[in-house]
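Hi everyone, thanks for coming. Let me put the structure up on the screen, and then we can walk through it together.

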Amino acid sequence: MALIEMESIKKDYLLGETVVPALQGIDLQIDKGEFVAIWGPSGSGKTTLLNLIGAIDEPSEGSLSIAGREVRLLSDNRRSELRNETIGFIFQGFNLIPVLSALENVMLPLQIKGASSGESKTKALTRLEELGLSEFVHHRPFKMSGGQQQRVAIARALVTDPSLVIADEPTANLDSETARRIIALMRQLNEKERTTFIFSTHDQRLLDQVKRLVRLEDGRIVDGGGKQ
Amino acid sequence: MMKWMKLAIRNILRNKRRSLVTLLAIGVGFAAISLFYGYVDFMYYGLRESAVRGEGLGHLTIYKAGWLEKGKLDPERYMFSKMEIDKIIKLVQEEDEVILATPQIQITGIVTNGTVSTIFIAQGVVPREDKTIKSAWGAFRPIKGEGLEEKKPYGVEMAQDLAKYLNLKAGKDGVVMAPTLSGQMNAMDIQVSGVYDSGSDATNDKYMRFSFDFAQSLLDTRSAERIVVLLKGWKKTEEMRTILQKKLTQAGIACEIKTWNELSLFYSKVRGMFDMIFMFIFSIVLVIVVMSTVNTMGMAVLERTREIGTLRALGLKRRGISLLFAMEGGLLGLFGSLIGVVLHATVWAIIRAVSPTYTPPGVSTPVPLIVNFVPQTLFVLVLCLILLSLLAAIIPARRAARQNVVNALGHV
């Protein structure tokens, strides 16, 4: 069974009284362990697609199942649990909580899950260490560079051992060298832990390292939609 | 829970200036309520003591059934006879809670110095027992001269404005006239033993105090209008009324018992007024606290929209977001109240050190401004303001929780 299964997915937005179609009939299957890039021009629907896969938005039409669970049938609470247990998010702007240290930020998803403080701390420290951030565990986000913040965000996304990590333009705010290191890190985690990575990007450096490319244009998949 | 508490505290500290303003608003509001309550608490104490001891009402007053309705028309019929007085006093004083029971009579008539006459209202009291009722109140409003004495039956106490009007002072003689119970005019010589301050402009030119025996002689009776009961503590007033009413009825005495607050019209009216003012101040503070908290939390929700989106994306449920913001509101209430407690203690200590006085309207002499320190009230007020802030935070908290995750994440 595929980790992500999308059938005839449509997503419309209302702009005043005008209906704007963001996705127009998406069929997509993604298996566990894949390293997938969604790419295409601005406004092609990349972020909308990731939002749907991340269960933070609902399709207007069609069927979407994540890890065998039909998203539209889930209550808001169940969807929150699904996100917490199955999905890790990496945002373009890092989205770290500014009043929390790197360690506390990484502990957050586990604490939301209800894990004990001790367990959360151990797991978070392990992830931060893996990502080379041992020296920065007690630093607040504003005292870290963009690359360091994004690595904290990656640690936070991975700390619950999710089946799926969704990254929206993860290298957009990073310089070339940092971006290269972040891409390598994600690739390494994908290979080592068989975690599925799905990300949107314009970054050619990232696209060069991806096995599967899904190209979107005007809300439709024009290339890479079929099962690999 | 502690981790969310920690996060809530850090969020409060995030915008220090705004939080400080909110905390001060809550703190000042808290101090305003608690200080006013402390003042009112002392006022009620003062008014209670004034009624029970100053006016000599005691805690309970026993009247013969029908006295309050028809006693003025046919006093003899509705007064207690000598036998009834003795029986009632014996029965009442059997109770552990009772300090004493004493007969009293009220007389109205004319007093003259031989040249000038004016009306008076006098209480006939048993001097020794009246001293017990007055207790420490006697020191608060001391008599110029001497008080009533059993061995000096013609000695009277006269309120200061009445004495001034008649040009009488301690040691001077006069005459009082009043109708006996049978309706004939009676006159008796008096000697002013002492001059006192009744505490009120309205009564200082009318009041006198006679010994009970003298009052009975003037009215030509051996009866008493009422029997005043002094208890060990005012809190058992209602309980003792029920007990005594039952006991006296069982003993075949038809009577009605009034409490000190029922008889002291002044106490009831002043209390009603202060209760109203207290509610008014409390309502204003309530509005300030709610508005400050709603404003602060509303701004916080707006500024942290993206963060709310992130927390939701990480799996925090709507309930969790609501709880986080409500907790922040509750903590604002807690910290604001603690500031309020410090302000209260500071102002209370200053008032105690300075001991200011003031003269309330209608009162003849300055009274001290005292604010009671009532820890139970402070505790209840802290809980009240925490709850209030928490409730005030619920509206923005719910707004935060209901936000669309995608829109929240895209918020700039």
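So, how many residues does the contact take from chain A, and how many from chain B? The contact takes 20 residues from chain A and 16 residues from chain B, where two residues are in contact if their C-beta atoms, placed from the backbone, lie within 7 Å.

A word on what you are looking at. This is a predicted model, in which local features need pLDDT of at least 70, side-chain atom pairs count only at pLDDT 80 or more, and totals for chains, interfaces and linings use all residues. Residues are numbered from 1 along each chain as its sequence is written, while chains are lettered from A and ligands numbered from 1 in the order in which they are written.

Back to the side of chain A that touches chain B. The elements giving two or more residues to it are α2 (76-86) and α3 (102-113) of chain A. Helices (H or I, at least four residues) and strands (E, at least two) are DSSP runs, numbered from the N terminus. On this side, α2(A) gives the most, with six residues. By type, the residues of this side of chain A divide into seven nonpolar, eight polar and five charged. Here Ala, Val, Leu, Ile, Met, Phe, Trp, Tyr, Cys and Pro count as nonpolar, Asp, Glu, Lys and Arg as charged, and the others, Gly among them, as polar.

Let's take chain A by itself. Chain A has seven helices and 10 strands. Its radius of gyration is 17 Å, close to the 17 Å that the globule rule gives for 228 residues, so chain A is as compact as a globular protein of that length. That radius is taken over C-alpha atoms, and the rule is 2.2 Å times the number of residues to the power 0.38. The C-alpha trace of chain A spans about 50 × 40 × 40 Å along its principal axes. Buried residues make up 48% of the 228 residues in chain A; a residue is buried if 20 or more other C-beta atoms lie within 10 Å of its own, exposed if 12 or fewer, and partly exposed in between.

Now please find the open sheet in chain A. Four strands form it in the order β2-β1-β4-β5, and the pairing is antiparallel. β2 (18-30) and β5 (69-70) of chain A stand at the edges, each with a single partner strand, so one side of each is left without a neighbour in the sheet. Strands pair if DSSP finds at least two bridges between them. Five bridges join β1 (residues 4-15) to β4 (residues 61-66) of chain A, and A:Glu7 stands opposite A:Ser63 in β4(A).

One residue I'd like to show you is A:Phe91, in the loop between β6 (87-90) and α3 of chain A. Is A:Phe91 buried or exposed? With 22 C-beta neighbours inside 10 Å, A:Phe91 counts as buried. Leaving aside neighbours within four places in sequence, A:Phe91 is in contact with A:Ala153 and A:Asp168.

Over to chain B, which comes to 15 helices and 12 strands. The radius of gyration of chain B is 31 Å, well over the 22 Å that the globule rule gives for 412 residues, so chain B is more spread out than a compact globule. Its C-alpha trace spans about 100 × 50 × 30 Å along the principal axes, and buried residues make up 40% of the 412 residues in chain B.

The domain assignment, which is automatic or from a database, gives chain B domain 1 (2-50 + 267-409) and domain 2 (56-263). Their centres, taken over C-alpha atoms, are separated by 49 Å. The contact takes nine residues from domain 1 of chain B and nine residues from domain 2 of chain B.

Last stop: the nonpolar cores, which are sets of buried Ala, Val, Leu, Ile, Met, Phe, Trp, Tyr and Cys residues joined through C-beta atoms within 7 Å. The largest has 111 residues, and among those with the most contacts inside it are A:Ile38, A:Ile166 and B:Phe325. Helix α14 (residues 375-401) of chain B supplies the largest share of this core, 11 residues. A second, separate core of 54 residues includes B:Leu60, B:Val111, B:Phe120 and B:Leu230. Returning to A:Ile166, its contacts beyond four places in sequence include A:Leu50, A:Phe89 and A:Ile198.
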